[in-house]
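Here is a walk through one protein model. Keep the sequence and the coordinates open as you read.

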Amino acid sequence: AKSHQVGVPAPTAKRKVIDDSYHIALIVNFTNIADHDRYQEDPEHLEFIAEHSDKWEKVQIYDFEVE
């Protein structure tokens, strides 16, 4: 991962376009798709999932590209 951030929903005013249904957000930036693909199979990443997946009901992913 090139960088990462962890946060919670901001206390902004409620609007239809805002999804604040989550409790914790993790943003991970990658230099390219190959780095992303390696991250998905990284032993530490897989170990984290195995050890902590009982703590979440659902994971929502928003993949996007910035140029």
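H45 sits in helix α2; helices are DSSP runs of H or I with at least four residues, strands are E runs of at least two, and both are numbered from the N terminus. At 15% relative accessibility, H45 is buried. Buried means under 20% relative accessible area, exposed means over 50%, and partly exposed lies in between (1.4 Å probe, protein chains only).

The model is predicted: local features need pLDDT of at least 70, side-chain atom pairs count only at pLDDT 80 or more, and totals for chains, interfaces and linings use all residues. Residues are numbered from 1 along each chain as its sequence is written, and side-chain values use heavy atoms, with hydrogens and water left out.

Now the charges. D42 lies in the loop between α1 (33-41) and α2 (43-52). It is partly exposed, because its relative accessibility is 32%. Patch residues have over 30% relative accessible area and no salt bridge; like charges are joined within 9 Å, and nonpolar side chains (Val, Leu, Ile, Met, Phe, Trp, Tyr) within 5 Å.

Side chains of opposite charge can pair when their charged atoms come close. How many salt bridges does the structure hold? There are two, each a side-chain nitrogen of Lys or Arg within 4 Å of a carboxyl oxygen of Asp or Glu. R38 pairs with D35 at 2.1 Å between the closest N and O atoms. These two are three residues apart in helix α1, so about one helical turn separates them. R38 is exposed at 52%, while D35 is partly exposed at 23%. D20 and K14 form a salt bridge at 2.2 Å, N to O.

L46, F48, I49, W56, V59 and I61 make up about 540 Å², with accessible areas from the Shrake-Rupley method and a 1.4 Å probe; for residues, only the protein chains shown count as cover. I61 lies in the segment after α2 and is exposed at 55%.
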